[in-house]
Amino acid sequence: MPVTVKTFAAPTEAAAALNDRSARYIGGGTLLMRALNEGDVSIGTIVRLEDRLLTQVRTNGARITIGAGVTLSQILRERELSFLHAPARLIGGPAVRTAATVGGNLFAPAPYGDLAVALLALDATVSVMSGYGARDVALEEFLASRDRNPGALVLSVACDRPAAPETFRFRKVARVRPKGVSVLSIAASLPAVGGRVSNPRIAYGAMAPTAIRAKAAERALEGRTLDDSGVAGAVAAAAEGTSAVTDAIASAWYRREVVGVHLRRLLLGQGD
Amino acid sequence: MAKTPLQFRHNGREVAIFVDGGMSLLSALRDEVGDHSPKFGCGQGGCGACTVLIDGEPALSCITLAETVAGKLIETADGLKIGPELHPLQTAFMDSFAAQCGYCTPGMLMAAKALFDRNPDPTRVEVVEAISGNICRCTGYEPIINAILAAAARRSERRA
């Protein structure tokens, strides 16, 4: 069934158009066009925004702001974003990465959305446009209310660059080589003071309907060293607070069973 | 519902068509332009059978909103041949038995062309990465990877 495509130049106009319940925003189209191809009749209007800011990456000291329309291919071309190269490279093939955007990844339902997992571990904030103007929301808060606000217009995502490359780690577990859909993914920000982990942030993908934090594992890791005995508590608490679902890729049981194994390997810096 | 006029360059030729709202680039190419080389596989962006190049970048035409390609360059497998000659990739696919049922072939060729245009001498790992979004249920991929590597080797032989 044909839909109406509306293209706007100003974020406020696009945000206003999204108040219509049948309107959906299109970024790269990997989620929306797929829904249309599947015959989703709830979509009446497609809203596009053509604003150059959407595709820009801006840095201010350690703070990096990534426009919502920046594609995964663009991330891989930006040296400033090298800390996001691992998750970006593990998503889709080259053709998916040409289209898929940073903003869109925040809306990808599990088991998709690996980039959001990395951004959650990096304590990113999301700039969301509404009728009242743009406001910054913590990504964690944004994800928690995401499915209740499908009309949210995301303008950009911002986070601090990791202090050192080894303090930020990402791992995606898939059944297909060189890559496939996530059984689960894990990202961890592991700042250390005097060799001990201080204020870690660990995030999972495919362990709940959206990316979530592994708060029990974070607490167990605080003040510990990244060795066998230091990570044992975090590994034991790895599945706490998760609500993995069963899908075509893996069962919820399997995901709960293996999350600790992969968290351990990530924390110890081991390969597959 | 009103149709929208759309112009773009298709395999070196200007085309002007009318598209329905929400129409995919794949439908526009097959139904309005008459180029049946990109295939409809999954309609979800998961199989790569519909891969085309948009301004030289590999893209999945089934999940590309047609209206977003206004003024852009679209290349499909139909435009690979050079006059009466097959493209070196097509010849290598033939020689290496890289096509069985053939449904994935146009997408594989375009994914490979996107790689070649940027990197004329790819490694095996780079070839595997380039076609990692394209599914083939017949060949087990080996003949396809070998064909792409053979086409690259032949090209560098000619340059030497």
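Figure 1. The C-alpha centres of domain 2 of chain A and domain 3 of chain A are 20 Å apart. Chain A is split into domain 1 (4-49), domain 2 (52-160) and domain 3 (165-268), with bounds that come from an automatic or database domain assignment. The contact draws 19 residues from domain 2 of chain A and 25 residues from domain 3 of chain A; two residues are in contact if their C-beta atoms, placed from the backbone, lie within 7 Å. On the domain 2 side, helix 4 (85-89), helix 7 (114-121) and helix 8 (139-145) of chain A are the elements that give two or more residues. Helix 7 of chain A gives the most to this side, with six residues. Sorted by class, the domain 2 side has 14 nonpolar, one polar and four charged residues. (Ala, Val, Leu, Ile, Met, Phe, Trp, Tyr, Cys and Pro count as nonpolar, Asp, Glu, Lys and Arg as charged, and the others, Gly among them, as polar.)

A word on reading these views: residues are numbered from 1 along each chain as its sequence is written, while chains are lettered from A and ligands numbered from 1 in the order in which they are written. Since the model is predicted, local features need pLDDT of at least 70 and side-chain atom pairs count only at pLDDT 80 or more, whereas totals for chains, interfaces and linings use all residues.

**Figure 2. An open parallel sheet in chain A.** Three strands line up in the order 1-3-2. Helices (H or I, at least four residues) and strands (E, at least two) are DSSP runs, numbered from the N terminus. Strand 1 (4-8) and strand 2 (23-25) of chain A stand at the edges, each with a single partner strand, so one side of each has no neighbour in the sheet. On average, neighbouring strands of this sheet are turned by 25° against each other, direction ignored. Strand 2 of chain A joins strand 3 (residues 45-49) of chain A through three bridges; two strands pair if DSSP finds at least two bridges between them. Look for Arg24(A), whose bridge partner in strand 3 of chain A is Ile46(A).

**Figure 3. Antiparallel pairings around strand 5 of chain A.** Four bridges link strand 4 (residues 57-60) of chain A to strand 5 (residues 63-67) of chain A, and Val57(A) stands opposite Ile66(A). In their hairpin, which has two residues between the strands, Gly61(A) takes a positive phi near 65°. Strand 5 of chain A also pairs with strand 8 (residues 153-160) of chain A over five bridges, where Ile66(A) stands opposite Val157(A).

**Figure 4. Two domains and a hairpin in chain B.** Chain B is divided into domain 1 (4-79) and domain 2 (88-159), and their centres, taken over C-alpha atoms, are separated by 21 Å. The contact takes 15 residues from domain 1 of chain B and 13 residues from domain 2 of chain B. Strand 3 (51-54) of chain B supplies the largest share of the domain 1 side, three residues. Strand 3 and strand 4 of chain B run antiparallel, joined by four bridges, and Val52(B) has Ala59(B) as its bridge partner. In this hairpin, Asp55(B) takes a positive phi near 50°.

**Figure 5. Chain B touches chain A.** Here 27 residues from chain B and 23 residues from chain A take part. Strand 4 (57-60) of chain B gives the most to the chain B side, with four residues.

Terms used. Axes fitted to C-alpha atoms, helices over the stretch in contact; angles between N-to-C directions.
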